[in-house]
Amino acid sequence: MHLKNLKISNFRNFESIDIPLKGNIVLLGENRVGKSNLIFAMRLVIDQTLSDSARQLKISDFWDGCDLFTKPKIEVHLDFTDFEADPYLTALLTDYRLADDPHTVRLSYMFRCKPEIIGLPTSSEDFEFNIYGGGVETISVNNQVRRRICLDLLDALRDAENQLGSWKNSPLRPLIENAMAAVDSTILTTISADLEAANTKIVEQPQIKSLDDSLSKQILNLSGKAHDLKPSLRFSNADPLRLFRSLGMYIDGGKRSISEASLGSANVVLMALKLEEFTWRREKNERNYSLLCIEEPEAHLHPQLQRSIFKNIFKEKDSAQALIITSHSPTLAAAVPLNSIVNLRLKNDSTKAFSLANLPISDDEKDDIERYLIATRSEILFAKGVIFVEGDAEEILVPCFAEQIGHDLDGLGITVCNVGGTNFNPYIKLAEGLGLPFVVITDWDPLDGTKPALGRARCVGIWDSRVEVNSTISLMTEKGRNFCETATFDKFSQAWAKRGIFLNDETFEVAIAKTPNLSELLLDILHEQNFGPKRTKRIEEWRENITQIDSTQLLAMIKDIGKGRLSGKLKKKITNSESIHPPMYIHNAIEYMVENV
Amino acid sequence: MSNYLNLKQALLELKKNEEQFEAVNCKKHCVVLAGPGSGKTKTLTTAIARTLHEEVINPRAIACITYNNECAIELETRLSKFGIESNGQNFIGTVHSFALTQIIIPYARCIEGLVPKNFKVANLLECKIAIESAYRTVYNDSEDPKTQWDFANEKRNKEVDRTLPTWKGHNRELAEFVEEYELELRKKGLIDFDDMPLIAFKMIKENSWIRQALEARFPILFVDEYQDLGHVLHELVHLLCFEGKIRLFAVGDADQSIYGFTGANPELLQSLTERQDVQTIQLRFNYRSGTKIVKASSAVLNEERNYESPEGSPEGDIIFNPVIGALEEQAYYIVNNILTELAFRGVKSEQIAILYKAAWLGDKIVEALEKKKIAYHRTDRNSLIKRSSRFARFIEECAKWITGGWKYAEPSFNRLFKQALNIVYGNHCTQSEKQTLEQQLIDFLQRSRVVHETANEWLIRFEKELIVHWSSICRNNIQEWDMCLELIQKTSPEMNKDMSLELFSGKTEGTGRLTLTTFHSSKGREFDAVIIFGANKGILPDKRDIKTFKSLKEVRRLFYVAVTRPKTILHLVYQSKNHSEFLNEFYRRTQQS
């Protein structure tokens, strides 16, 4: 079984979200965007430890934009699918199938104004909650379901050391109790006798004995005979039935107790024990499905350790459990499967959620993106806007151009993404899927003019990719497609600039060479290369009149320097000079981006 | 949780009877042929308890289909001794309720256009109107629709799978009549009782996921009284157990098949036993009746059965009572002579039953009993509380609570509340609806405790304060609200039938009352002494019975059911020189031994 869909409306940050899911979920988003609220919404439906009084929400739990006069409802709908292979889950959930899709079950929470309240509701007493299944309010959810389909939360403020240290709360307790119950009682008695012998031996030591006696006397003096506590010093309780309480987990080869572990290690142990507990509870037939929510599991963990833990956790394909993780860690985000990512973003006073569960990309494209995410530490997943560029040169120079026109891209959360070529489509799908605003800076690539410029088809392709992911974008009409095949460069580039794609009329380097000021800097660099007389002469001619610049010759020279090296040099020169204006199409792209984040 | 000790004890006891033990431990499809008094219910309940303990793991469960609600309640009570409570997971009930609550209600909403949204179950009047209207459309003549409908309905319940060419190919007009009738009902948002298993069959047949869901929820299906359950159930069993993965455990006795008029057919059980993949186990012992009765009873069937009695069983008595005079005289003879004699022999009233072929015969006995002021408890169709109606039994339980039951929580308020929820909402309701209903019920019951009313007065208030409101908000598909009005009528003071609420609430099985019931309703029950009333020529069999060979066979089986009820004493009362032909062979057989 796995989670298929989540819908939340009118709850805290969420006006309305409706996201597809696939198994595990990794929730990304900045602080205060509502990651914990999303988990709480799910708990309202299935967490059996949540009391009824916690489920009775407050008026303040309504999304701020709600008008209470219109009697809004808070709703959370959790859909599961793929349960039919397991007869136990089927037996448990079969009553809650959706009318229009019997292979999906829905469990729902609703908080709404009581029907007898007329006028404006004034307190939370005017509201009632209901938990139901199948999308039908009168199908109440059996208690068994909430006991057998569980959600456990390790919250951000979890105190791993304390949880492991105290017997009562330790996730180790049920595991040990269960294991000990299976130990033969005669063996327990023997162990108990050994332990008692050790106890006696230590207490017999004169130094210990005198301490024991004086302590006992002191306590007796305080409490009086009637309330004698009968204290004694010993290693451990030797009662065979209580023996298991003395059993604990030790680290570093038994030298230290787990409560002395580092914060990071304690967190790892806690997570491992929780997962073990789930397996055990399933074996005991107490549960059939577990959702483990961990807030910021990266806390206190070294990046390498994060990577190895989450790779392992997500590798496990257990159809009876799922993980829900909130995180700020780029390391973690890069290690998890792409389709588990859910991105939360604040837009116009409400949080929107974007899920990559059903991102329409091929396996090859997915590999590309996952590789890219690892290489860039998944910067794009945490960005507020993206500028897509073709290569190293743009990647190096665009931030520097932005600075020239007064924008700090890093400060604005805008990242420049170098797709290393012209296949923008998988990245476009990713950005669209994440709900990220973006622009594309690309070349017209007219080639030798015998065939249509490559930029034409590229722009159409980018648009089609967006449509594939985002159903609110309309498909390009026949007329539009005709336009794209026939329009002049000017008309074409103007039209696309309105839609976030910015083109030069040849290539990036040529555009730089043809931009005043920049052109000089470029020619300086070329000059410094000490080319032969023919090229030196040509560079001088170009200096006289930049309209004379011949693209083919120019690119040949640049090729000899190397695009990357050239941009590095250029960047240095730009930073050192005053008010250099970038090529117009790049200027427009940056302004467009800045306006849209 | 099941009570393992009781189960172990029961299993140990069954070891003494090889066949029962084998049946209870059978792990494939199993059919148990169980004659009268053979320990059928014990075998069934122990088998259920064993599978629940050993094989069926929570949250999966078992389904047990019984002939009527009464059997279901009996089974529930027996199972509770093994610690198996009806927790909403196990299903025990009729085939109609199985179809409705386990298939139609949960899944029909996933299949568009199958049944009307928020459908109700049609009452008799609504069915009649639909029949008449459909008849006009299909036949448009002045004949009696009802007569034609009997044929049509027989076809409807027999030819379950309508995708077969025979449905329309054979008696096309009847098929159209049926379809038109169903259409009429649907137009008014209705389905009828017979629709339930038919719709369920269609749903399972056409949607493999529904069958899988049932397989997941109920890995084992138990069927009690298989011989009485008719074609639709037989086809359902086929679909679920032989085409699907559910394991079948059926018990039945072809000799006790007495519901031919509802489509039951003893051959269906027979056909199960002939399957290769079914293990058939015949129980041999009759633990109930004296050896004489066991030996003579198969004479009634005109066949040999060779049931054995366990060692040390008493002989038992069969007494023939020819009475000079009509039925009235026979009734008085029973009341004045036989009952006195039985009392003299020390048989307790609650261990005596008077059985008769039809309810109208019961009226004659009632007359004689009331003249002598003898307390009785009538369980046939003319009884005050309809035992098969959950609503009628709810009213009765409420009366019990008010008249003292509240002190000992017998019945508990919680039980009444749950019944009310089921009756009003079919168990599907929101928290606040639940709370409101609870409030209404406890208010009414508490007030009833302090106002002193007769049964009739109380029922009128019950109708006014609860039913009027409940029937308007009701979401249950089966509604029996008329039952309350019927009870008001039946306790009418004008007809001098009103009684105290105490008496009304005690009208069920109590101490010191003898039992009056028809042959049909006596099935599955046992008494120390049984008096068979009206074994006259012309009644047993009557004109209708001798029409066909099949119906004659059935009435023989019906009489067989009656004579196999007593443990020790069987009295046969009939008109002298005008006795039933069934008595001849029976008499001869008693003289042999």
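Which residue in S17(A) does A:Val389 stand opposite? The answer is A:Asn418. Notes on the model follow.

1. Basis. This is a predicted model: local features need pLDDT of at least 70, side-chain atom pairs count only at pLDDT 80 or more, and totals for chains, interfaces and linings use all residues. Residues are numbered from 1 along each chain as its sequence is written, while chains are lettered from A and ligands numbered from 1 in the order in which they are written.

2. Chain A overall. Chain A has 25 helices and 19 strands; these are DSSP runs, helices being H or I of at least four residues and strands E of at least two, numbered from the N terminus. Its radius of gyration is 33 Å, well over the 25 Å that the globule rule gives for 597 residues, so chain A is more spread out than a compact globule. The radius is taken over C-alpha atoms, and the rule is 2.2 Å times the number of residues to the power 0.38. Along the principal axes, the C-alpha atoms of chain A fill a box of roughly 110 × 70 × 45 Å.

3. Burial and contacts in chain A. Buried residues make up 37% of the 597. Buried means 20 or more other C-beta atoms within 10 Å of the residue's own, exposed means 12 or fewer, and partly exposed lies in between, with C-beta atoms placed from the backbone. Of the contacts in chain A with a separation of 6 or more, 73% join residues 24 or more positions apart. A contact requires C-beta atoms, placed from the backbone, within 7 Å.

4. The sheet. Four strands of chain A form an open sheet, ordered S17-S16-S18-S19, with parallel pairing. Pairing requires at least two DSSP bridges between two strands. Strands S17 (414-418) and S19 (501-503) are the edges, each pairing on one side only. The twist averages 20° from one strand to the next. Five bridges join S16 (residues 385-389) to S17(A). Helix H25 (residues 584-596) of chain A packs on the sheet, touching S16, S17, S18 (438-442) and S19; its direction makes about 170° with that of S18(A). Axes are lines fitted to C-alpha atoms, for helices over the stretch in contact, and angles run from 0 to 180 degrees between N-to-C directions.

5. Cores. The largest nonpolar core has 290 residues, and A:Ile387, A:Phe388 and B:Phe533 touch the most other members. Such a core is a set of buried Ala, Val, Leu, Ile, Met, Phe, Trp, Tyr and Cys residues joined through C-beta atoms within 7 Å. Helix H1 (residues 35-46) of chain A gives the most to this core, with eight residues. A second, separate core of 24 residues includes B:Trp470 and B:Phe504.

6. The interface. 20 residues of chain B are in contact with 23 residues of chain A. On the chain B side, H11 (208-217) gives the most, with six residues. That side divides into eight nonpolar, seven polar and five charged residues. Here Ala, Val, Leu, Ile, Met, Phe, Trp, Tyr, Cys and Pro count as nonpolar, Asp, Glu, Lys and Arg as charged, and the others, Gly among them, as polar.

7. B:Ile104 lies in helix H5 (residues 95-107). B:Ile104 is buried, with 23 other C-beta atoms within 10 Å. B:Asp528 sits in strand S13 (residues 527-532). With 17 C-beta neighbours inside 10 Å, B:Asp528 counts as partly exposed.

Methods:
Two residues are in contact if their C-beta atoms, placed from the backbone, lie within 7 Å.
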